[in-house]
Amino acid sequence: MIARQPLVLGNKSLKDVTDDICRLVETWPGGKYYAALLSAKGLFLFYLCIQGMIVAFGMGMQGISHPVMWGTDIITFVFWIGIGHAGTLISAILFLFRQKWRTAIARSAEAMTVFAVMTAGLFPILHTGRPWLAYWLLPYPNQRGPLWVNFRSPLVWDVFAVSTYATVSMVFWYIGLVPDLATIRDRAKNIWRKRIYGALSLGWRGTARNWNHYEMVYMLLAGLSTPLVLSVHSIVSFDFAVAQLPGWHTTIFPPYFVAGAIFSGFGMVVTLMCIMREVIPSFKDYVTLHHMENMNKIIMTTSMMVGYAYASEFFVAWYSGNPIEQFIFVNRAFGPFGWSYWIMVTCNVFIPQLFWFKKIRSTIVPMFIISIFVNIGMWFERFVIVVTSLHRDFLPSSWGMWHPTLYDTGAIFGSFGMFFFIFLIYVRLLPVISIAEVKPVLNVGKSGAHHG
Amino acid sequence: MTTTENSLKNKSPKYWLSLEQWRQDPDFQRLAEQEFSNSPLREDSGSEGGWARREFLKLMGASMALASFGCVRRPAQAIVPYVKRPKEIVEGIANYYASSFVDGGETFGVVVTTREGRPIHVTGNSSHPINGSGLSARAHAHVLSLYDPARLTGPTKNLQNEKKTNHDTVEVTYEKADQEIADQIRKGKVAILTGSIVSPTDAEIVADFAKGTGAHVYTWDAISHEHYVDAQEHCYGQAVAPRLALEKAKLVLAVNCDFMGTWLQPTQQMRDFSKGRKPGDGMNRLIVIESLLTLTGSNADTRYRIRPTQSTAVLMGLIQELLVNKKTSSYAGDTSVHAILKNYENEIKAALPEAAYAKIAEELLAHKGQSLVLGGNDVSSQIAANFLNSILGNDGVTVDSRRSPNMGFQGKNRNLQALIDGLNKGEIKTVIINNVNPAYAAADKTGFVEALRKAEMAIYVGRCKNETGKYCDFVLPDHHPMEGWGDVEGQKGVFSVRQPTIEPLYNSRSFGDTLIAVAKVGNFGALAKADSVYTFVKNRFETKLHTNWTHALQEGVVDTVTAARAANDSARPFRVAALQMAAHKATPHADLELVLYPSIGLRDGSMANVPWLQEFPDPITKICWDNTLIVSPKLAQDRKICEGQMVRVKVGDKSVTVPAHIQPGLHDSTIGLALGYGRTDAGQVANNVGVNAVHLSVVRDGGVETSGLPVMIEPTKSYETLANTQVYSAMSGKTREGIDMGHRQIVVEATLEQYKKDPSANIEREKIVSAWSGFSYTGYKWGMSVDLNLCTGCSACVIACQSENNIATVGKKYVSQGREMFWVRVDRYYVGTPDEPDAVHIPVMCQHCDNAPCETVCPVAATVHSPEGTNDMIYNRCVGTRYCSNNCPYKVRRFNWFNYPRMTPELHASPMHMQLNPEVTVRERGVMEKCTFCTQRIHQAKNQAKLEDRKVHDGEIQTACQSSCPTNAIVFGDLNDPKSKLSQMLAEPRYYGLLEELNTRPAVQYASKIRNTDVLKSEESPHKEKHHEKHEEKGGHHV
């Protein structure tokens, strides 16, 4: 029998684990951290200025125009929503399947989900012509008739899907944090620290009864989140699939979007974990190469799934016999935005195939580079779907192009500023690895570890 | 203890609820007091338990006041109601006044819609024999020129220095100005410079004034038809501009003559031409031989390309074919004619293949007396065309020179030249200029300005201070046509009234009244005793035309030639000697020839400061906000010119630099450049838009030559972004990347033969299976039909819609980003090769689909279907997700990307807002908008019908686009009424829905275009790659 690879390296004791993980929360950060935080904050402020200008003057500041009425904002929205999926998948589905290797990365993946959804959630609001009225998309009792939302519109489904997703992810993440918050509370010496973490840990005592309830709730929430992994991006894909626009009107979209979302989500987790391993060397023992390799395997699998989806779209277009449908797809690959299609295919289908080599999938530098390509490729996937379908549809008289402006670039990169700013704050305020979940996977006290 | 108990007992209540109450516990008492503390009846100061109500209100009021102190509300604007309401005005109800409008020499009978005393819209006067209900884009736009911010507001005097350049402008009174002018006129040597006068009253006043003062009258038009009139004089001895009786023509041959775009009376000509356009036996046929691709050429059944200088040769070739080869006419034996033809021999061969001559000649012969030959903008081709018309017996039938010819188009460059000479020689000391702008539009504009400086006094009477007014001593504001009285005789015997529809906005005075006032001060002849223009006009209608004045005002027109117009006239004898004028001059062809053409939107540039016209997409190039050098795809390839590349154009020693536009269908040795652009003193909108190309024209023998000018071009290294509203122009074939676009049923064409065999020829109907039976419309069901066979693409509907529906102009920058706001656009597609394409036009407005894709996707239900079949847009509910536009297969939805009055203030300057239609919401930034089928007009008619307890009559509702259409290509009506015109039309098998295969069930139906030709361009050759698109796409947006 082949010995299982240990999930935590370095022969840690239980105390080592607590110390290692809590150290981040309990010590003042160094200069590198401040540098990173300030640059993220700078980017975030730039983002606020960009979005402020757009709100002040109008959506026309961005490159979208007739006929490409959706652009950067929607692309980046779908991109961030997709990113979030890995978190839910790792925390919920892998939990239900008792995949223990998830423990080290689950917390950060969930945090990433929450922050990605926060980042994403701003886009649909800010992309509207009158964002100050965006609350009209919510069905609430009102004095206008009452006037309800149009339940037939995929955008309304989107509102429900994304808000549910945001709520459930946040609750799930928070519940998972409770035992660890209690640990920090218990170790705290400062009275305010004690009080704040005390309040956040919801009176956790670590009793058997506590643990019993906790495990139950956690599993229930995992069960509740599991369909969300599938439903959210399916519904986001309905924004396109329900429209009658060739290139959007495709039944393959829901599974294709979900696969793509998991793909991009794992890409982002790998990116973040590579950085985290480098910045906090002690974490190398928790987030081991074994973990990274597992994620890379998932990336490679989902990469082939999206590759299949790309191919099947072309097949269906050809098989449909619909000339406009056929045109749209050929135009995607060989039209004026053909470069974006090939960026997408290269980044999403070809480059991840390098993970067939064990050497590559278990070495940090190549996997980091590949994960960046995956992120780029998945942004372009949404770009290809949104822009190339819209720019040439039925009537050639209305064909046009899409020319990005400073406000497009600002929105894309600025949103990373927002994400990383929140993420960096999180790193220093909350335990980035689940102490409570890592401890059970240690070999400490397990006799079999020494003899079996 | 006992005492306490007792004292407590004394104070304690008789009935108690709790022990605390009995004990009178202070805590309890405090609580009991506050139990009903939120009662409004409670008035205590509440010093202990937080804030009391009054204090709270005070604080709240103060904090509200403080909070609102920082945010200033928009200033209150008082609305003052009428103290005494004029009896003809009911607030909220429009008034309609019959009037007329003159544009160059083109005349229109119009009905002006006014709301609360403001003209807001113009429609055609359906009882007017010239234009009927149709109007041109310019006629629609002239309502906005009333509110032009650049208008003169009162009489001014320019104080000239020694160098005769203006150093200051001062305001003067009319009395002072009149006195000074009259004093100056007494010195004699007076000249009056006007455009063609089509008003009998103005003509009479000017004549009287000239008689009284000894002044000479010089007539000059910026866009000249002098060659047409001169040729008539040479050929028939009559300096007349005949009416083209196109309704009688079965075959029209136009050689470099854009009679649908800018030649003579295009609106009337389109209207008359369309009368013979009904598919079936007797459908007319249009052959166009031209150098540029004009609007007329785009409507041709058969089109040939020639060089501009070959116009005469082509016509001579046909004369040769008819006289020499077919010996058809009495002139066949005339040796002088033979000699001239002999001279042209090589030219004829070079211009067109022999077979073409034979074919056209045969057709002309077959339609003797039923055809019309039109020549280009030069004397010799006009003479040749006249000769052909005479040979073919068209004179007097389709060429109406006596019964009701055009009264305008009398202006000649010779006259302006004479004025310049007179000024230079000192024979003219005083010039009065009315509403023409030679300092901008004359071929010899510098010569004119230099000459004008030599005048002792120049008086400019016009609406706006412009390039010419700048050099004049007195600048007297003229009324806008909507402000003053007048009359128009556009064609002989057709008298229309021009009545004021608004009190003059400024301190202006009509030209006629100015002359009368000056005559009174100076006591010049009979005019000194005249009263005003009004009395002249009234007098004319009452005593000379013997009509009831009120009736004339109501009808707007008195037509004295109804019968004569329909009847035929005898032919005039043709003076063969005139042909000598057209004899071949051995001028070698230049490598490249330039044509300066008036653009359909701007023409002579006089209304250039109207933003609608600047943003009017040219019906052919679809470019606005610029004049471009149009070059053929082949020439562009040879000379390596890209779309938008700046090209230096040199004619002789004069040059301009303009961006290039690659235009399919152009002759490869021809380049074109539009006039009317490059104003310098027109106002904020027009100044420095495009370049003024007029000085490239050549003055020869006193006349202006604008076509066939030998030209050199040098592409430069700089580029300009063009505001192109339609970048792609092919319906099938391959894109520039070589991608097959697949077959798309957009504009369906069929030849007449195909149509006769199968009226629904070439229409592919998809069999659609739907699980849903659809909504049943029980009341009205509004629908529209567009007959593509009648639509000429003139785009008048675009401006009509803009005027009716308060559609914002966005300016060049935003049009080039694709942000134009038109609710109806006219798409122009090319069929065939880029070198020799056919063009088709299709107006596309919201199709009001029964299964509207936009409706289902709107998250807030801001666009919904009405039970009458219209797709309604609720602006105040729209949050602007723009999903509707993405899902609209017709892409007719327009989004307010910005607050345009804020982003482009110069296009929305006061008082232009006075034109806004109060019936239509002005849309906010961030909302979607689109065609509503003129819902305000539907509701108005329905209200009226309800008051009268009836249903809406068929035809009672006319949408703005429908009423503007010169050819009546658009019909609106009730699809549920089987007797409505619309229902009956749609029974014709020629109708189809645009993209009907999507099962959108559009309420707009299009009728296929029938070409009276043997074979369609789409069928004759396999689709070649469209080279031009490579450049178009690049230049259409950012380069």
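How many of the five residues of strand β14 (residues 430–434) of chain B are buried? Five of the five, so β14(B) is largely enclosed by the rest of the structure. By buried I mean 20 or more other C-beta atoms within 10 Å of the residue's own, with exposed being 12 or fewer, partly exposed in between, and C-beta atoms placed from the backbone.

Before I go on, a word on what we're looking at. This is a predicted model, where local features need pLDDT of at least 70, side-chain atom pairs count only at pLDDT 80 or more, and totals for chains, interfaces and linings use all residues. Residues are numbered from 1 along each chain as its sequence is written, and chains are lettered from A and ligands numbered from 1 in the order in which they are written.

Okay, back to β14(B). Strands here are DSSP runs of E, at least two residues, and helices are runs of H or I, at least four, numbered from the N terminus. Thr430(B), Ile432(B) and Asn434(B) are buried on one side, and Val431(B) and Ile433(B) are buried on the other. Now its partners; two strands pair if DSSP finds at least two bridges between them. Strand β6 (residues 190–194) of chain B runs parallel to β14(B), over five bridges, and Ile192(B) has Ile432(B) as its bridge partner. Another five bridges join β14(B) to strand β15 (residues 457–462) of chain B, again parallel, and there Ile433(B) stands opposite Tyr460(B).

Next, a sheet with antiparallel pairing: an open one of three strands in chain B, ordered β17-β18-β19. β17 (486–489) and β19 (557–559) of chain B are the edges, each with a single partner strand, so one side of each has no neighbour in the sheet. Four bridges link β17(B) with β18 (residues 494–498) of chain B, and one of the pairs is Gly486(B) with Arg498(B).

Then there's His848(B), in the loop between β34 (837–844) and α28 of chain B. His848(B) is buried, with 26 other C-beta atoms within 10 Å. Setting aside residues up to four places away in sequence, what His848(B) touches includes Gly869(B), Phe933(B) and Pro1002(B); contact means C-beta atoms, placed from the backbone, within 7 Å.

Last, where the two chains meet. Chain B puts in 48 residues and chain A 46. On chain B's side, α28 (853–857) and α29 (883–887) each supply at least two residues, and α29(B) gives the largest share, four residues.

Key:
Contact = placed C-beta atoms within 7 Å.
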